[in-house]
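Subject: Handover of a structure and notes on it

Dear colleague,

Please find below the structure that I am passing on to you. My notes on it follow directly after.

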Amino acid sequence: MSSMNEDKNLVDRAILGEKEAFEMIIQKYQQPLLNYIGRMVGERELALDFTQEVFIKIYSSLRSYKPQFKFSTWLYRIASNTIIDYWRKKKIDAFSMDQQRNQDKDLPPLQVPANEQPLARKFEISQLREKIERALDRIPGPLREVFIWRHINELSYEEIAEIKGLPTGTVKNRVFQAKEMIRSLVEEKP
Amino acid sequence: MKCLTIEQIYLYIEKELSPSENKEVENHLRVCPVCQKALEERKLLSQATESLHLWEAPPDFTQQVMARIFPPKVSLPAWLGTLATGFASMVLCFFILTLVTGQNLRSLLLSFTETVFDFLKYLAPLFVKVLKLASLLVTIFQRFAEFLLKGLTLLTSIISMELQIIIISTTIILIITSIFALRRKLVFGEKT
């Protein structure tokens, strides 16, 4: 059974009141969801709370899930909206979606810089990993979000586009922007 | 051919280009050291990104979520259950009475209150009588004790001192013997 059909089957069983089916959904998605939420909010306890909250929201709105879409896409959309609400309540500007939309429109294609500092010789992979983690916390929310989905949750550009309701090209552009931003932050001296 | 864009480099690394685009990029990379260097840099970044640490959920995470969705039922204390049952029975009785008598709830409640007051009214004299009887019993016992004390005082004034000692000693011996005899009997009784 494909993952998509398996998810639909689990959702159908959960709607009929089979608790074990929803437990299986939680077990399947808890880690990818926690990895996304965790890196978006930065604190473990808060991330665990939000992840629980997302699963509760999913359970209470299982009947509104449309089986023609991937279950994971629906799940990440709910998670993303939860995070956006949180950032708005906290009045944190880093997650301004409107601001990001304008940036998407105006952005010219990124060019290879002529005299780029080589990272490869500067850091070990483990050091680089730590620097990427720190840089990830500093990039704007909309870029961080797509970067996590693409490189940690390993979603396709099309899946991310479906979650965010954006053209695939825009998603790709955001992911590349995120990477370049991370690169320049990694290069920065501490 | 002019230099590659960053987007082209990333799409090349992620194998997201069409075969013709891929060939074009490869041809350029062969002749452009700047783009080659840029590619190596981004490959390294992608490599480091692939191995970022993963956040692990606690082992009981599923149970925690399920407990929030389906909170365990809290059992009521026994007295609360009894109280609730009593109250529910009363409500049910009132409902049945309303149906049987055809009276409304207000008049039924009034009659119920009157009945309770009547009952208390009849119960109060009975309670007073019981108290009187109890005080009478206490008086009788007091009088008997006084009579016994007077009798003993009279007896001690008639009988001589030596005889009193003999009587008291004999009584004490008799009591002790009786206690031992009784105990022995009880012990034998247990054994058999």
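A salt bridge is counted here when a side-chain nitrogen of Lys or Arg lies within 4 Å of a carboxyl oxygen of Asp or Glu. A:Glu180 and B:Arg42 form such a pair through their side chains, at 2.9 Å from N to O. The interface of chain B and chain A holds 5 salt bridges by this rule.

The model is predicted, so local features need pLDDT of at least 70 and side-chain atom pairs count only at pLDDT 80 or more, while totals for chains, interfaces and linings use all residues. Residues are numbered from 1 along each chain as its sequence is written, chains are lettered from A in the order in which they are written, and side-chain values use heavy atoms, without hydrogens and water.

At the interface, 38 residues of chain B are in contact (heavy atoms within 4.5 Å) with 49 residues of chain A. Together the two chains bury about 4300 Å², this being the accessible area (1.4 Å probe) lost on being put together, summed over both. Of that area, 64% is on carbon and sulfur atoms.

Elsewhere, helix α6 of chain B (residues 105-158; helices are DSSP runs of H or I, at least four residues) includes B:Leu120. B:Leu120 is partly exposed, because its relative accessible area is 47%, between the limits of 20% for buried and 50% for exposed (1.4 Å probe, protein chains only).

With kind regards

Technical notes: Helices (H or I, at least four residues) and strands (E, at least two) are DSSP runs, numbered from the N terminus.
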